[in-house]
Amino acid sequence: MFSKLKLLAKDTVIYGASTILARSLNYILVPLYANKLSTFDNGIQAVVYANIALANVLFCYGLETSYLKVASDAIKKNEDERRYFSTAFISLLVTSTLFALSIVLFASDIASMIGLAPESGTFIRYAALILWLDTMLVVPFAEMRLKRKAVRFAVAKIMGVVGGVVSAFVLIIPLKAGLAGVFIAEALGSLVSLVMVLPVLMSLKPFFSFDLYRDLLRIGLPYVPTGIAGLLIHLIDRNLLIRIPQTEIERLYGAGFQASDITGIYGRVAAFGVVLQLVIQVFRFAWQPFFLQHADDPEAKPLFRQVLNLSTIMVIVLAVAATFFVPDLVRYHYGGRLYLLPPKYWIGLSILPWIFFSYVFDMISTNLSAGLLITGNTRYLPVVTFAGAAVTTVACMILIPISGMDGAAIAILAGTAVMCVFMAWFSLKVYPIRYDWGRLGLLLAAGLLFAAFHDDLILYLGRFGMVGTAALLLKLAIVLLYLGLGTLIFRNEAKAVVRLIQAKLRPAGGSAKQ
């Protein structure tokens, strides 16, 4: 048992590290695109990429999950799982080719449907190529996971991202390919990954079974609606911002902006939420094997309560710190030559508190999902996801015409909060735990208060000469004050953490003296 858990932990670290490294490398491109492309072009890319993510669910129609299920069952029965591999891959090859050709043929119409000009059909055609390449990777990557080829999986993933990033820099800077270079670079990155998985495809044999295909569809198709709903929570904002009327844009931001400019600014600023997104992703990789391993322990529920407390406190403090300091990092002129985001993007910085704090609710939901997974009540998960997607969509439709970018960000916060409420309702119903909602609510409310009024506070103090280094020190003092408030509210937990650190350091200190 212990050896199996060690293998699981090892694979989790490799898969997690590779995914996080890949995402981190991708975000190197944010300053590149912001500085070298117009806000208008960034808006086109934001909308197309949002819809690529949604279309990817349709292109794959749940076959990754269904293949892992049926192939693992076949291996347990000592059957040849390559029949499923071939059937799944050939089916995706055929359907994705048909889907991609359809997108290419109707590219201009699709561009108009998603709020872009018909001339943007060229980028829709690039998107079709990217979708086709990414779909060709689905079954080979699933096969690697099935056969526990974690290192090969990680290398293929990372090399694809590296190829895409390098291609983007070459195409955008020396070759000056513009927005087209963004899409070509993405396609080249996917192509590199496809080349890396060619050894896996060598096991493909010309076999296709409609019976096996029906089995794959039966398992995979139910995941499609949930997958789309989950993506809508974080992507519907771009699809609605691109439709904001020109009169509202001029009312909110003045003349000189179009809907694509506003969407581009929003997309680039919102990308800075990756800091907290990666923290939650790292936690999620470690959390699931942890709670499954300890679910039967006598002290499991008190343990899970403390995990939720500590992880939520960590994300709230990070959200407050990011709210205070990320705008300064964005505005800083590095070497007198480079901004992370040029000044024309700064009108969107007001969305950051809402984006950062949406991840607090994501962290709480991630903790609470343990109850549903431990008890096997996963049927509630689609309800949670659809509730969040519905609230986000409705809130975007109401708030974007009123508040523009801020309205979209607040809608995401509302959607994740509703997901959290639904997750708590269902999870505590089947797996009751006495969480410290009162104390967590107090800390969260204080954090939101700090975040919501920090700009007003800094502007007010600026009248008294609190600018530059003085303002930076003041922000640091406020964050430390907030951390002190959290320590006071959760003083017992803070003492436990201090004791744990002391216990870890004591042997090292003792050995050093000897």
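1. A residue is called buried when its relative accessible area is under 20%, exposed when over 50%, and partly exposed in between (1.4 Å probe, protein chains only). By this criterion, buried residues make up 49% of the 514 residues in the protein chain.

2. This is a predicted model, in which local features need pLDDT of at least 70 and side-chain atom pairs count only at pLDDT 80 or more, while totals for chains, interfaces and linings use all residues. Residues are numbered from 1 along each chain as its sequence is written, and side-chain values use heavy atoms, with hydrogens and water left out.

3. The protein chain contains 22 helices and zero strands. These elements are DSSP runs numbered from the N terminus (helices: H or I, at least four residues; strands: E, at least two).

4. On overall dimensions, the C-alpha trace of the protein chain spans about 75 × 65 × 50 Å along its principal axes. The radius of gyration of the protein chain is 24 Å, which agrees with the value near 24 Å that a compact globule of 514 residues would have. That radius is taken over C-alpha atoms, and the globule rule is 2.2 Å times the number of residues to the power 0.38.

5. Among contacts in the protein chain with a separation of 6 or more, 84% join residues 24 or more positions apart. Contact here means heavy atoms within 4.5 Å.

6. The accessible surface of the protein chain comes to about 24300 Å², and 69% of this belongs to carbon and sulfur atoms. Accessible areas come from the Shrake-Rupley method with a 1.4 Å probe; for residues, only the protein chains shown count as cover.

7. As to charge, the protein chain carries 43 positive and 28 negative side chains, and the centres of the two sets lie 8 Å apart. Lys and Arg count as positive and Asp and Glu as negative, whereas His and the chain ends are not counted. Each charge is placed at NZ of Lys, CZ of Arg, CG of Asp or CD of Glu.

8. The whole structure has zero disulfides, a disulfide being a pair of cysteine sulfur atoms within 2.5 Å. For C396, the closest cysteine sulfur is in C420, at 19 Å, which is too far for a bond. C396 is buried, at 1% relative accessible area. C60 is likewise buried, with a relative accessible area of 10%.

9. Y61, in the loop between α3 (39-60) and α4 (63-76), has phi near 35°, a positive value in a residue other than glycine. Y61 counts as buried, at 7% relative accessibility. K176 is not a glycine, yet has a positive phi of about 50°. K176 lies in the loop between α8 (150-172) and α9 (179-196), and K176 is exposed, with a relative accessible area of 68%.

10. S167 belongs to helix α8 and counts as buried, at 17% relative accessibility. Not counting residues up to four places away in sequence, S167 touches A185 and L188.

11. G415 is part of helix α19 (residues 405-430) and is buried, at 0% relative accessibility. Leaving aside neighbours within four places in sequence, G415 is in contact with G388, V391 and T392. G415 and T393, 22 residues apart in sequence, are 8.2 Å apart in space, C-alpha to C-alpha.
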